[in-house]
Structures are given as C-alpha cells and as structure tokens.
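This report concerns salt bridges, a metal site, a helix and a pocket. The sequence and the structure are shown first.

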Amino acid sequence: MRKQILFLLILIFTAQTMYSQQNIKSRVESYKKVKLSADLSWLSDKEKQIIPLFIEASKLVDEIFWKQNFGDKESLLSKLTDEYEKEFVKINYGPWDQLNDEKPFIAGYGEKPPCANFYPKEMTKADFEKIADPNKTGAYSIVVKDKDGFKVVPYSAAYKNEITKIAELLKKASELAEDAGLKKYLSLRADALLTDNYQPSDFAWMDMKSSNLDFVVGPIENYTDKLFGYKTSFESYILIKDPDWSRKLEKFTSLLPELQKGLPVEDKYKKESPGSESDLNAYDAIYYAGDCNAGSKTIAINLPNDEEVQIKKGSRRLQLKNIMKAKFDNIMQPIANLIISPEQKKYVKFGAFFENTMFHEVAHGLGIKNTITGAGTVRDALKEQYSALEEGKADILGLYLVTRLYEMGELKEGEVMDNYVTFLAGIFRSCRFGAASAHGKANMVRFYYFQDKGAFTHNDDGTYSVNFDKMKDAVISSSQQILKIQGDGDYNTAKSLIEKDGFIKEELKKDLERINNAGIPVDIVFEQGMDYLKF
Ligand code: ZN
C-alpha cells in the first residue's frame, strides 16, 4: 500500500515539475489560432441547410471521442481554474500532451494508459485472451468490466445517446440532399452508426463523385488504441468542394497518358499506362471534430481504411486547401523567411505550395508499378525501402510535372521558379518531422542530392538560393535515378541511397535548430462553428 502511495506521489510530482503553468501557457501559444471558413455563397439553399446539421452531429462526435480518449470530460474540466490549463486540455481532449509523446500535464494524472478508454485499465492481456466473444477484436466495440469478468459492448450501445442523435441528424440531412450520391451515403452512414456495420456506407462514399458537400464521420482511425490497435476513434470533417481545383484536376488527369510518355527515361521504364485508381479532389474544411481535431491537424485525407472496399473501389484522396493555406501562412512562410535568400523570398507562394502538393499526389500514379526484371511489383522488390523512395518519386516527379505543364502552357498563373523556391523551403519544413517518417527521410535524401548537383547555394548569411537551371537538371536526373531503381527493382541501390543520406547531417541540423528557436508555431488550432461561417 505504502509503495502505491509513494508511486502516486512520484507521479503527481513529475506531472507538476514537467509542466509549470508557464509551460502550459507556452504550449497553448505554440498552436496558432485559425478561424475556419470557406466561400459558401455558391451552394444551393438545401446545401446551406445541411451544414448546421453536420455541425450539430460533429459536436456529438466530439463528446464520443472524449469518452474514448479519456473518459468523463466534466470530471477533468470542472477541477481546473487556470484558463490556459483548460484550453490545453481541450486542445488535447484530455490531460496528455499529444505533440509531446502524450506526457501528462495536469497534476494528478499519470502516463496515458495504452488502452485509452477502449478497455478497462485493470484488464490484463490474459484477461483479454479469456473473453469468448469474437467481437472483442472488432473495430467498433469497447470492452467493459462486468460482474463475471469482462464483456464486449458495441459502439451503438456504448454511445447510444450520442449515436441515436447523430443518426437522426444524418437522416435529416439525407432528406435535404439533392445530390444522389450524398443522399445515399448519408442514409447508409446513419444505418452504419446504428448497426455497427460500416462497409455499405464506405462503398457509397466511394461512389459519391459529384457532391459539393462531404461529411466524413464515424469511427475511423485506430491510432488511439495503443494496446492492440483494434478500436477506432470517432471523428468528423465537414468539407466543401473546391470547384476550380476540381476542374483543373480533371484536366491534368486527362493529360497523364501524354505526360507518362514524355518521362525522361528509356521506354521500358514507362510502358505502363498511368493509374488514377484513386479519386483526387480539393476541399475547404469548415469543421473538425474528435480524433482529427486532437493535437496536430491533418491537411489531407485518404480513406476508406476498409481493405475490401479499397481492393474493389480504390480510395479517395481529399486535399484540404484552406488548412494547407493556414499552415503555409503560419508555419511555412516564417520558415521561408528565415531560410530563403532576401532576393528569392518573393517566389515563396501559397499557389506554388498547393500545386507542389497536388502534383505530388498526381505523380504517385506515374512511372512504373511492376519491375521490368520479372521481380514482381516494385513494392515487393524494394521491401522496407519502398515508402521513402516512392514518396521521393512523387515529390520529384511532381516538380517535373509542374515544369512540363508550364512548358506546355497548361499552367500559367505563376512561374516555375515559384514552385522551385517554395519546394526548397518545404524541404526544411518536412525535415523538421525527423527521419522516422518516410516523408522526412525522402526530403533529407533530396536535400543532399540537390546540394551535390548545385541546385541551390548556401549563402554566407545562412540563407539558401535556388539555381534555376541546375535545379531543373537535378529534377530530371533525380527522376531518372528513381524511376530506374524502381523499374529494376534494385533493392541494394535503394537501400544504400537512403542509408547514405536519409538522416540529418551537421549543416542541416544547424538550420533546423535555427527554425526551432525562432518560435514558429508547431501547429494550428481551430476557431470553428456557425459563428465563423457566412451564408
Ligand atoms: Zn505521397
């Protein structure tokens, strides 16, 4: 008993010493506040009537995620008197700092349990083994303690109050919906919530191609269940399609066969016809709730997760343009101001940043999926090196596409130099995420490749400048190198390339430290809801 008390005291002590109130204030301030809105004037009256229903449903989604991640929200919030503590708890949906390894920051709370609130904290793995109900490993149920041990409760029962109301709101929205795809999806999603069978609604979501509104809602990602990774967290996004970019993307997708033929590699590396197995579109987000609103905010969605649906229908990639703009203004632009030479800062533009991001996605469909050596798919041949190389390919071929489309007169709003300088600044933003991510690694490899080819100059004042012609050449030679490694299924070259350069060396480290010390926000937090929308 004494040991337990001592342990508790240590926990309280560490929690208190780790986060002083001053600490918490600065953690809150490391999230830049951003108001969420979009142009809604072009939507139909019915579409405008649907949005408040989605917002109401999202507020209930928030309540469910609180329960999943922590438990009784009021029991925590009612104890707090400090405004910053309250705010930071709300940002994190609990007393654990999402962007700092989920360290506890409120006195009295210890480490976050890996089971979150999906399983009882006292349940051991042996207890779990003993549960006979096969639904225990399902994505849409929790485990609770009962008189004879542990039992499985489906989400529809565990969160019955909230779910019943959300389903009613979705049915109402479905009645209002004019787009047949949206109408069907919303109705099936309401059924899914009530029955815990989500697959029919995932299929309907894949078929929803023409709706101006989208409402991603339900239990979706499994990252919060760190015990087994079975259970999914509730979240929702309310999205408005970007009609301009939708039209542009349709056009670029139709140019893909021609662009594939023009790739700067031998014919044998470009003989496949380019795939567009996934549906790519741009949206503005006007509301985030639950899991996706906790801690860092995503700028793109790739769903559904159900593999059966993916095999039959592919997936949809939704790029969230206004969220990217918010991160560009508040994070990327300040980084560029530190790192790009004074003469070239004018080339750092959101339009170019968004193009680079969109063409990264388009470029995943170019090149080659099967090796030309009979070694099977590129993915299988390159094993654990595949992701970093494929991300690198998408970045560099994306830039190649932009260059080509400007030359073809298909892009005309800016100039290629905007894309190059913005891309260089983006490398520093991505390297900040570290070598643990495929994106981070790909960016480090690219930085050293560009350096080696003289694509940029590191100036005496510590800033960087792009050398246009050498950059253009480096984009082509790097595309050739990656497409050849992929086509040959050359695992050894892929491995040595990534091992040689996929980490942060001394010079780059200094730049990243400079960025980190400049007080640039780490992420954004939203002010959202009806008050922020103009109809
Ligand atoms: Zn990618």
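Is Arg-514 buried, partly exposed or exposed? With a relative accessibility of 30%, Arg-514 counts as partly exposed, where buried means under 20% relative accessible area, exposed over 50%, and partly exposed in between (1.4 Å probe, protein chains only).

This is a predicted model, in which local features need pLDDT of at least 70 and side-chain atom pairs count only at pLDDT 80 or more, while totals for chains, interfaces and linings use all residues. Residues are numbered from 1 along each chain as its sequence is written, and side-chain values use heavy atoms, with hydrogens and water left out.

**Salt bridges**

Side chains of opposite charge can pair when their charged atoms come close. A total of 32 salt bridges is found in the structure, each defined as a side-chain nitrogen of Lys or Arg within 4 Å of a carboxyl oxygen of Asp or Glu. The table lists three of these pairs.

| Lys-112 | Glu-102 | 3.2 Å |

Lys-112 and Glu-102 form a salt bridge. This pair links distant parts of the chain, ten residues apart: Lys-112 belongs to the loop between strand S3 (103-104) and helix H6 (125-130), and Glu-102 to the loop between strand S2 (96-97) and S3. Here helices (H or I, at least four residues) and strands (E, at least two) are DSSP runs, numbered from the N terminus. Lys-112 is buried at 13% relative accessibility, and Glu-102 is buried at 14%. A network of salt bridges connects Glu-102, Lys-112 and Lys-226.

In the second pair, Lys-505 is partly exposed at 29%, whereas Asp-501 is buried at 7%. In the third, Arg-514 and Asp-511 are three residues apart in helix H21 (residues 506-517), and are therefore separated by about one helical turn. Asp-511 is buried, with a relative accessible area of 4%.

**Zinc site**

Three residues coordinate the zinc ion at 2.1 to 2.2 Å: His-360 (NE2), His-364 (NE2) and Glu-391 (OE). Donors are N, O and S atoms within 2.8 Å of the metal (3.2 Å for Na, K and Ca); water is not among the atoms, so sites may look incomplete. The spacing of the donor residues in sequence is H-x3-H-x26-E. His-360 lies in helix H14 (residues 350-363) and Glu-391 in helix H16 (residues 386-407), so this pair ties together parts that are 31 residues apart in sequence. His-360 and Glu-391 are both buried.

Helix H3 (residues 45-69) contains 25 residues and reaches 37 Å from its first C-alpha to its last, close to the 36 Å expected at 1.5 Å a residue; the expected span is 1.5 Å times one less than the number of residues. Just after H3, Gly-71 takes a positive phi of about 135°.

H3 also gives the most to the lining of the second largest pocket, with four residues. A pocket is an open set of points on a 1 Å grid over the protein atoms alone, where a 1.4 Å probe fits, with protein on both sides within 12 Å along at least five of seven lines; lining residues have an atom within 4 Å of a point. This pocket has a volume of about 500 Å³, taken as the space filled by probe spheres set on the points, which are joined across faces, edges and corners. Of its 16 lining residues, Asp-62, Lys-90, Asn-293, Phe-526 and Gln-528 lie nearest the centre. The elements giving two or more residues to the lining are H3, helix H5 (83-92) and strand S13 (523-527). The lining comprises six nonpolar, two polar and eight charged residues, with Ala, Val, Leu, Ile, Met, Phe, Trp, Tyr, Cys and Pro counted as nonpolar, Asp, Glu, Lys and Arg as charged, and the others, Gly among them, as polar.
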